[in-house]
Amino acid sequence: MSNPGENMTEAIYQQEIKDLAAVAARRLDVPDASATLDNPLCGDTVVLDLRLTDGRIEALGHGVKGCLLCKAAATVAARSAVGLEADVAATLADRVSVMLKQGGEPPIPALAPFLTVRPHKSRHGCVLLPFKALAKALGR
Amino acid sequence: MTVAIRTVFPVLDRAGFHYLDSAAMAQLPGAVMEAVAHHDLTARANVHRGLHELARRADDAYDAARQSVARFLSAEMDEVVFTGGCTMALNMLALALGEALGPGDRVVASVAEHHSNLLPWLMLAQRKGFEVVTLAVDDDGRLRLDDLSLINEHCRVVAVTHASNVTGAVTDIPRLAEAAHAVGARLVVDGAQMVPHGPVNPRALGADFYAFAGHKAYGPTGIGVLWGRRELLAQLPPVLWGGGMVGMVGLDGALPLDPPQRFEAGTPPVAQAVGLGVALDWMSGLDWPAVTAVEMSLTRHLLDGLAALDGVRVVGPLKLEARLPVVSFVAEGCHPHDLAHLLAERGVAVRGGAHCARPLMTALGLEEGCVRASLAPYTNRADVEALLDGLDLAFKVLR
């Protein structure tokens with residue numbers, strides 16, 4: 001069993017992730033595309049809105065009903081995907097999955113705090129959900 | 001008494017381990033593990049087919065297991081069908097009863113159902129054209145039985161849980177049996193959460209069919225029970241076909257055997273049934289009034305402790321009457337999944353999420369789910385204290 005007390009403040013609940021989770025989510029008023037995804041394990045739901053210009057993501061909005069990790073990851077997705085080519089943004093979910101499950105490097109520097117989630121397989125889905133919603137909104 | 005019970009469960013002999021997730025999976029008595037291993041060592045054979053020594057032993061063991069279940073349910077052996085689990089039992093029942101349903105017919109379930117006692121009916125209704133309506137719950141998650149007008153002349157089946165896997169609220173089965181039988185409907189009861197807290201007599205309750213899972217009743221996984229009144233089981237068609245459940249077979253059809261074999265197509269989970277029999281025999285030997293008194297005393301302690309924590313709301317009845325020691329709650333500013341994770345780091349095993357009861361989550365306004373702590377006869381005060389202490393610390397991390 002784990003050591004009581006010390007692990008309570010374990011790395012995945014570090015301040016950086018908590019700060020990301022605390023950022024207010026905002027939906028887009030007039031998106032070009034939207035996607036909603038659920039995580040059946042914990043009940044997280046992510047709604048992701050996009051506006052595209054010339055194949056690039058011009059604006060991204062989102063809404064999250066979910067755990068702290070999901071909210072924090074959604075903030076990173078919303079911040080980092082703007083300006084990316086749609087084809088590149090659509091690959092983020094797979095690359096985040098590789099980061100979590102296969103020891104890959106973070107595809108976005110802002111995802112570095114989430115490396116601490118690697119040992120917690122049951123939480124991978126929480127981090128992946130916003131990126132999967134992004135891919136879905138992009139029609140992938 | 002709890003000390004003696006805990007010694008029966010080898011997994012609990014670990015310092016700092018506090019298991020409060022029995023509503024998802026109860027732990028195994030050592031005797032059950034040994035019985036399963038012994039069966040596979042000495043009697044591993046198919047049942048009702050072979051003539052050799054191992055086959056004879058397997059037949060005897062399987063029949064003895066059925067007898068144990070029948071004893072636990074105050075039922076007859078031929079009223080006990082072994083299935084792959086409670087979900088399998090409820091799905092089989094929906095298919096069998098649903099065979100005769102069509103447009104104009106109605107099934108009454110409740111919003112408090114586990115998906116296993118709701119989705120089979122909803123999916124079948126789409127194919128067969130009957131309607132499924134649901135009884136509502138009050139703010140405590142208890143089924144509202146003040147108006148049972150949904151159970152009318154169109155109603156053919158009432159399918160409800162004996163006790164909620166989320167709120168712990170116990171359903172007044174006799175009241176629903178009266179209403180169902182008054183219009184000629186059958187009463188299907190999901191006993192998955194009730195059975196782990198003592199022997200049940202479904203016939204005396206007024207149920208027509210009753211299902212439960214082995215793994216929640218201190219038995220192995222992969223085994224469940226469907227009980228039905230003999231005369232009603234005899235009227236139902238098989239839903240799975242294969243070996244072991246037919247008599248005459250020709251290229252123009254087959255004649256199914258009588259229950260329970262009619263509903264046990266293929267090789268049944270023999271060793272698991274043997275394990276379940278041992279588990280239920282163990283349960284039958286407990287002093288249940290005393291066990292229940294301890295369980296409910298701990299539940300009171302937990303409810304009071306949760307009430308004393310800042311921003312915590314219990315989901316379910318606060319009164320001990322008509323509830324099980326299954327306690328769910330939400331905490332302001334803390335997602336259930338985060339709480340469950342942090343509690344796990346302190347060796348406290350609880351469940352966070354929607355608990356396979358999405359309609360109930362919606363009805364109770366719990367869009368992010370809730371945390372569930374579920375007690376069992378082996379739960380002690382230290383387990384409850386560890387949960388309350390862990391919550392206090394988790395709030396410091398998350399808020």
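How many salt bridges are there between chain A and chain B? I looked this up in a predicted model and found a count of two.

**Entry 1: the salt bridge at A:K65.** I inspected one of the pairs and noted that the side chain of A:K65 meets that of B:E367 in a salt bridge, at 3.1 Å from N to O. I then asked which helices of chain A supply at least two residues each to the side that touches chain B. These are helix 2 (68-80) and helix 5 (121-137).

**Entry 2: the contact between the chains.** I recorded 28 residues from chain A and 23 residues from chain B in the contact. The two chains bury about 2000 Å² between them, with 55% of this on carbon and sulfur atoms. I counted nine residue pairs in polar contact between chain A and chain B, both residues at pLDDT 80 or more. Sorted by class, the side of chain A that touches chain B holds twelve nonpolar, ten polar and six charged residues.

**Entry 3: the sheet of chain A.** I traced an open sheet of three strands in the order 1-2-3, with antiparallel pairing. Strand 1 (33-39) and strand 3 (56-65) of chain A each have a single partner strand, so one side of each lacks a neighbour in the sheet. I noted an average twist of 20° from one strand to the next. Strand 2 (residues 44-53) of chain A pairs with strand 3 over nine bridges; A:L52 has A:I57 in strand 3 as its bridge partner.

**Entry 4: helices on the sheet.** I found helix 2 of chain A packed on the sheet, touching strand 2 and strand 3, with its direction at about 165° to that of strand 3. Helix 5 of chain A also packs on the sheet and touches strand 1, strand 2 and strand 3; its direction makes about 150° with that of strand 1 of chain A.

Key:
Residues numbered from 1 in each chain as written. Chains lettered and ligands numbered in written order. Predicted model: local features only at pLDDT ≥ 70, side-chain atom pairs only at ≥ 80, totals over all residues. Heavy atoms only, no water. Contact = heavy atoms within 4.5 Å. Buried area = accessible area lost by both parts, 1.4 Å probe. Salt bridge = Lys/Arg side-chain N within 4 Å of Asp/Glu carboxyl O. Polar contact = N/O pair within 3.5 Å; in protein donor to acceptor, adjacent residues only side chain to side chain. Helix = DSSP H or I, 4+ residues; strand = E, 2+ residues; numbered from the N terminus. Nonpolar A, V, L, I, M, F, W, Y, C, P; charged D, E, K, R; others polar. Pairing = 2+ DSSP bridges. Axes fitted to C-alpha atoms, helices over the stretch in contact; angles between N-to-C directions.
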